[in-house]
Amino acid sequence: MGFGSFGQQDAAPMAEINTTPLVDVMLVLLVVFIVTAPVMTHAVKVELPKATTTVVQQQKQPLRLTLQADGALLDDKTVIDATTLDARLAAVFAADPQTEVHIYADKTVQYERIAQTMAAAQRAGLNKIGLMTNGQGG
């Protein structure tokens with residue numbers, strides 16, 4: 001199969017690459033690797049000693065702040081004001097600076113009130129602040 005025009009009497013050799021031997025070699029290598037792969041993953045049988053441990057996981061309880069529709073701020077069902085909030089946040093930070101603050105705000109609460117609560121937590125040094133939702137759309 002030549003790529004010259006019909007009627008040319010040029011006797012130049014055709015420079016096509018025959019890829020059949022290359023494919024044959026690749027298939028042989030593939031078969032060799034498939035056969036030798038399970039042999040290469042041999043393991044030395046060792047009987048390991050047994051030890052018993054207890055897993056200690058302290059579940060850190062987040063600080064739950066609830067902003068109700070009427071503007072009241074609750075800390076675990078206890079109504080608190082701005083000065084009490086600052087003292088409570090400072091005490092939580094002193095106990096554990098990595099404590100998470102979860103803010104549950106009614107959907108009718110003004111954003112300014114939510115922002116003030118978040119700012120108070122940041123002033124106390126608490127940086128893990130989350131606004132919680134019910135997780136359902138609509």
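User: Which strands does H3 lie across, and at about what angle does H3 run to S5?

Analyst: H3 lies across S1, S2, S4 and S5, and runs at about 165 degrees to S5. Axes are lines fitted to C-alpha atoms, for helices over the stretch in contact, with angles from 0 to 180 degrees between N-to-C directions; contact means heavy atoms within 4.5 Å. Helices (H or I, at least four residues) and strands (E, at least two) are DSSP runs, numbered from the N terminus. This is a predicted model: local features need pLDDT of at least 70, side-chain atom pairs count only at pLDDT 80 or more, and totals for chains, interfaces and linings use all residues. Residues are numbered from 1 along each chain as its sequence is written, and side-chain values use heavy atoms, leaving out hydrogens and water.

User: What is the order of the strands in the sheet?

Analyst: Strands of a sheet pair through backbone hydrogen bonds, either parallel or antiparallel. Here, 5 strands form an open sheet in the order S3-S2-S1-S4-S5, with mixed pairing. At the edges are S3 (78–80) and S5 (128–131), each pairing on one side only; two strands pair if DSSP finds at least two bridges between them. S4 (residues 100–105) pairs with S5 in the parallel sense over 4 bridges, and His102 stands opposite Gly130 in S5.
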